[in-house]
Amino acid sequence: MRRLAIPALLLAAAPAFADSTLPSAPLANTQLSDPAQEAKAQALMVTLRCLVCQGQSIADSDAEMAGDMRALVRQRIRAGEQPVAIRDWLVARYGDYVTYDPPFGLLTAPLWIAPLVLIAIGVWLARASFRRRRG
Amino acid sequence: MRLWLPLAVFVAVLAIIAVALYRPADRTVYSAMVGKRVPDFTVPALLPGKPGLASARLADGKPKLLNIFASWCVPCAAEAPQLMALKAAGVPIEGVAIRDTPEAMRDFLARGGDPYAAIGDDKTSAVQLAIGSSGVPESFVIAGDGTILLQHVGDIRADDVPAILAKLEAAK
Amino acid sequence: MIAEAGLAALWFAAALAAMQLALAAIGVRRVSAAPDVQGGLTADILGAVRPVAIVQGALAAVAMALLIAVFVRSDMSVLLVAENSHSEKPLLYKFAGAWGNHEGSMLLWVTILGLAGGAVAIFERTLPRVTLIATLGAQAAIALGFYAFLLFVSNPFARIDPAPLDGQGLNPLLQDPGLAFHPPTLYVGYVGISVAFSFAVGALVARDVGPAFARAMRPWVLGAWIFLTLGITAGSYWAYYELGWGGWWFWDPVENASLMPWLAATALLHSVTVLATRDGLRAWTVMLAVVAFSMSMIGTFLVRSGILTSVHAFAVDPSRGTFILALLVLYIGGALALFAGRIGTVRAGTTFDPLSREGALVANNLLLSVILGVVLIGTLYPIVAAGFGVQLSVGPPFFDKAAGPVALLLVMVMAAGPLLRWRRDEARALAARMTPPIAAFGVVLIAVLLLGGGVALLPLLGMALAAALAVASVAPLWGRNLLRTPLFTWGMVVAHLGIAVSLAGMASESAFTRATLVATRVGQPQRVGPYTVTLDGVATTIGPNWSALEAHLSARRGDGAVIQLRPQSRFFTNPVTVTSESAIATVFDGQLYTVLGQADGQGRVQVRLWWKPFVTLIWLGGALVAIGGALSLVGRLRRERRTRQRASDEAWA
């Protein structure tokens with residue numbers, strides 16, 4: 001097989017960095033043999049952000065670091081770790097930026113409550129308009 | 001009253017956008033481990049004659065500079081003179097090479113000089129992920145007891161050197 | 001010379017827009033000061049607005065044509081061409097590359113704006129004169145702001161001296177037929193909504209918000225919405241086959257920026273029919289017209305301002321952001337203030353019961369607005385958090401959880417809506433009419449639970465509701481003479497059916513996709529879903545401006561015929577990039593999606609294989625929605641023409 005020996009700027013790499021020419025980590029692009037574990041890993045990977053990309057999850061990215069993060073997730077799931085624990089480990093290292101699922105906290109409460117508030121406003125608007133109509 | 005609600009919402013959205021436009025947010029991803037202990041890790045040696053790196057070595061009582069780099073990384077070559085200057089000032093520098101090969105590393109060190117007391121071989125970015133680094137080059141000032149004091153993202157420029165030296169001094 | 005001619009055309013168009021605005025403003029002023037005066041200067045002024053609008057549109061089109069000409073000729077002395085094009089590019093991408101960058105796409109925006117205004121001037125015959133002139137004036141006001149933006153801050157025709165030998169090339173991800181289709185369609189949609197906005201502003205200025213205004217506005221709203229639907233559907237499919245991981249929607253900020261006007265426009269087109277036929281929902285209709293265009297403008301702004309992180313975002317320049325921000329304040333702020341100030345005087349309308357078709361349409365408007373609000377808040381939240389110094393990411397986990405349930409609720413309203421009577425209805429009667437859809441829901445729910453093998457809640461509900469909606473959307477045809485059913489009723493049926501089809505596709509893809517990611521050797525069979533895929537070899541191949549490694553894959557399903565797939569890994573030199581081109585085989589019940597990865601140096605090659613059952617329904621559904629819209633549009637236009645004919649026949653009788 002031809003080795004891809006051409007150094008290339010991967011679309012998702014950060015500027016000013018070339019990339020290594022090493023093959024990706026094992027498990028970066030290979031699935032776990034247990035389908036249930038792979039499903040858990042996949043479900044977690046789509047919620048983790050690629051740190052060197054312009055807005056992609058690690059499940060959707062060709063960047064090397066994304067591959068290494070996928071390998072990390074799969075390794076740990078295979079070792080029996082819970083997805084939540086893996087995510088918390090990454091958040092402890094990179095902050096909430098690394099997860100696409102913002103945790104519910106003081107700063108994000110308005111975000112999560114928004115749909116309910118909007119529905120409530122909607123119902124209020126609708127009821128007011130019906131009531132006026134009837135009268 | 002209800003009729004002015006859309007305008008009010010619009011003004012709020014505008015305010016958000018205006019603030020974002022005039023105070024652009026820093027897009028750099030910083031490590032959340034600053035202030036915490038260096039996580040445990042061990043990486044083998046990349047070159048014969050140069051030891052690998054274990055996290056215990058970063059907590060041996062002397063403040064150090066941990067440099068995460070790679071031979072294929074262009075800014076890493078640019079910061080080599082600054083690292084040599086820091087080494088000359090007596091700073092112990094431990095290196096972790098990301099996804100690197102011995103031959104390429106030998107060439108890299110021959111070109112820019114070798115400031116490293118140890119170079120660990122990290123082929124899967126394990127150390128990077130463990131310490132909260134998201135690219136190369138990054139440097140961490142680590143206190144004698146293993147606490148991470150400072151993260152410097154990107155190559156070290158000449159005017160960054162005094163700040164790093166000061167941090168290391170304060171850690172002594 | 002061509003570039004200078006283009007710039008001159010643009011300046012002339014801008015001047016005409018200014019004239020159009022001035023004439024419209026003066027004309028409307030004079031009429032409201034002396035409403036009974038016929039003829040004279042006022043008539044001349046009003047009469048001049050239409051031709052000016054038409055010529056303005058034509059000139060903008062000329063400028064766009066000249067920009068395309070400059071790209072096609074690869075004139076490297078034009079800065080935009082040098083930065084974005086290359087002489088070796090295939091002709092299609094030289095052509096389409098004209099709008100594959102900030103300045104060119106802004107010129108496309110302005111061209112469509114001008115052409116839309118010109119089209120209104122040519123075709124609009126039913127509206128009272130003053131309202132029409134006020135509308136054209138509003139259109140000119142919008143155009144003027146964007147002309148200024150182009151001419152002062154984003155000149156597409158700027159020269160570069162000395163001219164480089166060749167250009168920097170077009171991003172290879174954009175070198176795809178999708179570039180020729182997706183942006184123009186989307187822009188016709190975005191900018192077509194401006195006509196609705198102008199109509200709404202015109203109606204507010206002329207204090208004429210009623211059925212006549214709604215009937216005049218409706219075809220324009222439908223037309224823009226059809227294109228917006230097509231543009232978003234096309235964009236989704238393009239991302240799906242181009243990015244190589246099988247995803248079709250990422251809740252990316254720029255994608256959200258295209259979804260928000262669509263949501264508002266969908267609510268608007270439902271509202272405008274209520275206003276046209278029942279004279280209800282006046283305030284809603286005007287508000288939605290303003291909101292739809294506001295979302296369109298905010299979207300344009302966000303994508304070019306640099307405040308969002310996205311693969312789609314254009315190159316950043318803060319001065320551009322400031323300019324559009326100023327335009328936003330002017331137009332949207334002005335329109336919203338006008339709304340608040342004037343809508344009180346035009347708000348009377350007919351009354352209706354909560355349980356009625358009008359009631360369902362109000363619910364429809366509300367739920368669409370809630371989804372729009374959720375998407376807007378989710379998209380802007382990381383920016384707000386960054387203002388507090390916190391770095392956050394808001395992505396699919398949030399949007400799926402926050403907008404998904406509301407969307408499913410909306411699907412239920414969509415199922416019941418067309419089955420409700422106007423004005424007032426009985427709950428028991430509705431329940432009787434809803435029995436077939438509810439039965440369909442139950443059947444599919446149980447079937448998937450029993451046979452599906454562990455499906456998550458949202459996709460499960462999605463599939464069951466899609467079935468219910470499909471049954472409910474064809475229900476209005478039940479018991480009717482199909483040949484005598486009005487075309488616009490067919491339009492409603494087809495469009496709602498399209499939503500059901502699309503929802504079924506989304507749910508199926510989410511629940512039943514099978515993936516195999518593996519490093520394989522030549523001759524080693526891999527299984528994915530019902531298929532066995534074998535790598536026969538990797539060859540090299542070349543294209544017009546790229547070279548590639550191509551994998552030869554043979555796929556077989558049981559005893560079926562062997563399908564050949566050739567995914568590639570392409571290398572471009574201008575600029576230096578590697579892209580992966582997926583190879584997709586479409587069969588009647590899904591798609592086999594294959595991607596070539598890297599070789600591992602030990603005789604194995606990474607391949608990514610997906611079996612996606614019924615995924616094509618997603619885009620097929622989108623196309624159906626657009627077709628439904630087109631049927632409605634044609635149906636309404638024909639009905640209007642027949643009504644006008646009958647009225648003039650009666651006048652003669």
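## Chain C as a whole

Two residues are taken to be in contact if their C-beta atoms, placed from the backbone, lie within 7 Å. By that criterion, residues 24 or more positions apart account for 75% of the contacts in chain C that have a separation of 6 or more. The model described here is a predicted one, and the values below should be read with that in mind.

The secondary structure of chain C comprises 18 helices and 10 strands. Its radius of gyration is 27 Å, close to the 26 Å that the globule rule gives for 653 residues, so chain C is as compact as a globular protein of that length. The C-alpha trace of chain C spans about 90 × 75 × 60 Å along its principal axes, and buried residues make up 56% of the 653 residues.

Strand β9(C), which covers residues 590-599, is mostly covered, with 9 of its 10 residues buried. On one side of the pairing scheme, strand β8(C) (residues 583-587) is joined to β9(C) by 5 bridges, and the two run antiparallel. They form a hairpin with 2 residues between them, and within this pair Thr586(C) stands opposite Gln591(C).

Strand β9(C) is also joined to β10(C) (residues 605-613), here by 8 bridges and again in an antiparallel arrangement. The hairpin of β9(C) and β10(C) has 5 residues between the strands, and Gly601(C), in the turn, has a positive phi of about 75 degrees.

## Ser508 in helix α17

Ser508(C) is found in helix α17 of chain C, which covers residues 487-512. It counts as buried because it has 25 C-beta neighbours inside 10 Å, where 20 or more are needed.

Leaving aside its neighbours within four places in sequence, Ser508(C) is in contact with Met463(C), Pro613(C), Phe614(C) and Leu617(C).

## Where chain B touches chain C

In the contact between these two chains, 15 residues of chain B meet 23 residues of chain C. The residues on the side of chain B that touches chain C divide into 14 nonpolar, no polar and 1 charged.

Key:
Residues numbered from 1 in each chain as written. Chains lettered and ligands numbered in written order. Predicted model: local features only at pLDDT ≥ 70, side-chain atom pairs only at ≥ 80, totals over all residues. Helix = DSSP H or I, 4+ residues; strand = E, 2+ residues; numbered from the N terminus. Rg over C-alpha atoms; globule rule 2.2 N^0.38 Å. Buried ≥ 20, exposed ≤ 12 C-beta atoms within 10 Å, placed from the backbone. Nonpolar A, V, L, I, M, F, W, Y, C, P; charged D, E, K, R; others polar. Pairing = 2+ DSSP bridges.
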